[in-house]
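Subject: Structure for your files

Dear colleague,

Please find the structure below. My notes on its sheets follow.

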Amino acid sequence: MVVETVKAAPRAAEDPPPRPRRRRLSGPRLTPYLLVLPAVLLELLVHFGPMLVGVWMSFRKLTQFFISNWSQAPSAGLANYRLALDFDGPLGKSLLHSFQVTILYTIAVVLISWVVGASAALVLQRSFRGRGLLRTLFLVPYAMPIYAGIMTWSFMFQRDNGLVNHVQKSLGLGDGQSFWLVGNNAFFSMAIVAIWRCWPFAFLMLLAGLQNIPDEVYDAASVDGAGVWKQIRYITLPYLRPVNVVLILMLFLWNFNDFNTPFVLFGPTPPKSADLISLHIYGNSFVSWNFGFGAAMSVLLLLFLLVVTGLYLFLTSRRSRRA
Amino acid sequence: MKTRLVCASFIALAVSATAACGSGDDDSSSSGGGGSAKTLTYWASNQGSSLEVDKKVLTTELAKFTKQTGIKVNVEVIGWPDLQNRILAATASGKGPDVLNIGNTWAASLQSTGAFMPFDSAALDAIGGKAKFVDASFKTSGMAGQDPTSVPLYGLVYGLYYNKKMFADAGLQPPKTWEELQAASKKLTNPGKGVYGMAMEGGSYTESLHFAFIFGQQHGADPFDAQGKPQFTTPGMVQGVKQYVDLMSDGVVNKSSVQYKNGPEAPGDFAKGKAAMLMSQNNANNTLQGAGMKSSQYGVVPIPTKSGNKNTASFVAGINLSVFKNTKNKDGALQMVKFMTSPAEQEILDQPFTALPVVKGGKVKFTDNPAEAKTFADILATQSVPLPLVPAEAAYETNVGNAVNGLIAKAATGQKPTDADIKSALGEAQEKMATAG
């Protein structure tokens, strides 16, 4: 190898390599870019445009006084951010509370959705009679329109005629007079609905991941004496790692920004225990008409999610490289 | 200029996307804020039993207007949950209708956006003059000392509905004081049979705000001082809220009604005999009769006051009519406002929309019961005051309404809120007003 390299060097000096031909974007080569261009422009228009406007709004005193001529809204400097981050003040305090509720909600929903989805995927991985039917049934919550599903849950959580209280009483677990959409229970109701909505997605992703694990690996482990738990610990989970990285990140982002669940269950003004941050921002912007402050909270939320996502991807990719 | 246009599109998109609004009428968006000289766009709020019924009624009536003036009107009826966000989106983009309905409690907040045409003396003359309106209703047209940016269209006030048979069976007369109301509520409450003295929309922040205001007024308290600064924690405000929340604490209201919002549940309980009384606006008639109750089965009296307190029985509720400032057809828009607020049209529209006339000398047509008609008309004329006409009205409604909702929820789950609890909740609401208008 070394000799070849030494020999090759003078040749290279004698005959400089041909200059790479400049690719000219014309004709068929331009076509893919032209095809992608509308999507790129739309993406810029739909996502980045409003995002930039939102950042600009967060530095303005944008209340109802300026909404009709909002580009002339006076500068607020960092006042909106100061209000949001002043955790001794009423607005900062309520934002912090909302943030804490959202974190708890997200962790609970992601964790339980993953556990339920993974359990269902493990059960349905093996072939047995009725597996197809069960798979279809498991996907019903995912296939159902979100609004219809959450509305059905809101009926079930009603105090007087709701199914939840009826079942609770039938099982002797209480007097069937609990409030599920008021007070502290509202948090649990909201989380249950979100878990019902999310776990089929986790199930689908994990089932696909499980089916990519070769049977031979399990067979070999079995011959070596590994039991079920060791197989899950040392084969299933490592093989599922790429799926889990994406799945957990998506579930986290979806639930942290969840608007549909609390809005359909409680309307624009939820109980304190269910004051998720998306609805909190909506209330300040569209119910109290304080758009600048709402935008500042949105930017803070965006920054938080960017940091968490970046950190998560960094840590998971580093661990992958080590593995 | 181009940048502004692009930015305006973005904000309109952002506002519209969050508005969860309906598909809308193509005509309204294309020609909004300036139909041609022969066309107007009109956003009507949903007042009757459905959007379709409203559209049919308004289309029929506005055909008369077209016949008189040659101006065509494209009507779009918008449900309440969507209306405010649609208006905000139109305000931000400048692409609104020519004429629109607004809730009269929004009048001051919307006036402060600057997007609405002020009714100066010339404009008022063009629609028949200020003097044609009922004084109480006209007070909701905008902020004091400024030309109003809306005029009254439909009148609504609160009254106390009571079930005649339940009262007669219990040997009770309709209450004239709050103490009598409390006593009657207790006597008529029988949880074992699922019957309560009062129905309540305990999950509605707007309803909670309305009663916090009405009872606060009875105790002589104003939520804002002369400079427009909130003063939610005064003793009168606290006692006003307590008066309302105590209905739940006292057990004369079904605890489940803490979940009731502005839907048919509370009127439904009253109509089905599960509640003997209901404090509601006069448009409850539609819901009550829709739920099978005949108008002869209920009576209406003013919401009573505690002995010795002011006799405020309602705030001046209702719908106002506004004109977008950027309309290209101001004269046509004013002609339409004049038409809609004419005594003849008021009599026609008040029936399907269960409203009180807002013009002087107008006949009450929404009920065939003369006693009920007189009661509501008297309440509007003599016992009603407008909600505070301050720019921060929207934030006031949200913050105080939610605070009261929280207290009702506390009472429903068995912890009677104390005066200190109420003062603390109202104090928190007041602090949150820091950045509002």
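Two strands count as paired if DSSP finds at least two bridges between them. Helices (H or I, at least four residues) and strands (E, at least two) are DSSP runs, numbered from the N terminus. The model is predicted: local features need pLDDT of at least 70, and side-chain atom pairs count only at pLDDT 80 or more, while totals for chains, interfaces and linings use all residues. Residues are numbered from 1 along each chain as its sequence is written, chains are lettered from A and ligands numbered from 1 in the order in which they are written, and side-chain values use heavy atoms, leaving out hydrogens and water.

In chain B, 5 strands make an open, mixed sheet in the order E2-E1-E3-E10-E4. Strands E2 (72-78) and E4 (151-156) of chain B are at its edges, each with a single partner strand, so one side of each lacks a neighbour in the sheet. E4(B) runs antiparallel to E10 (317-323) of chain B, joined by 5 bridges; Tyr154(B) has Ile319(B) in E10(B) as its bridge partner.

Helix H3 (51-69) of chain B lies across E1 (39-45), E2 and E4 of chain B, at about 160 degrees to E2(B). Axes are lines fitted to C-alpha atoms, for helices over the stretch in contact (heavy atoms within 4.5 Å), and angles run from 0 to 180 degrees between N-to-C directions.

Another open, mixed sheet of chain B has 4 strands, ordered E6-E7-E5-E8. Here 4 bridges join E5 (158-163) of chain B to E8(B), in antiparallel fashion, and Asn163(B) stands opposite Tyr298(B) in E8(B).

Regards
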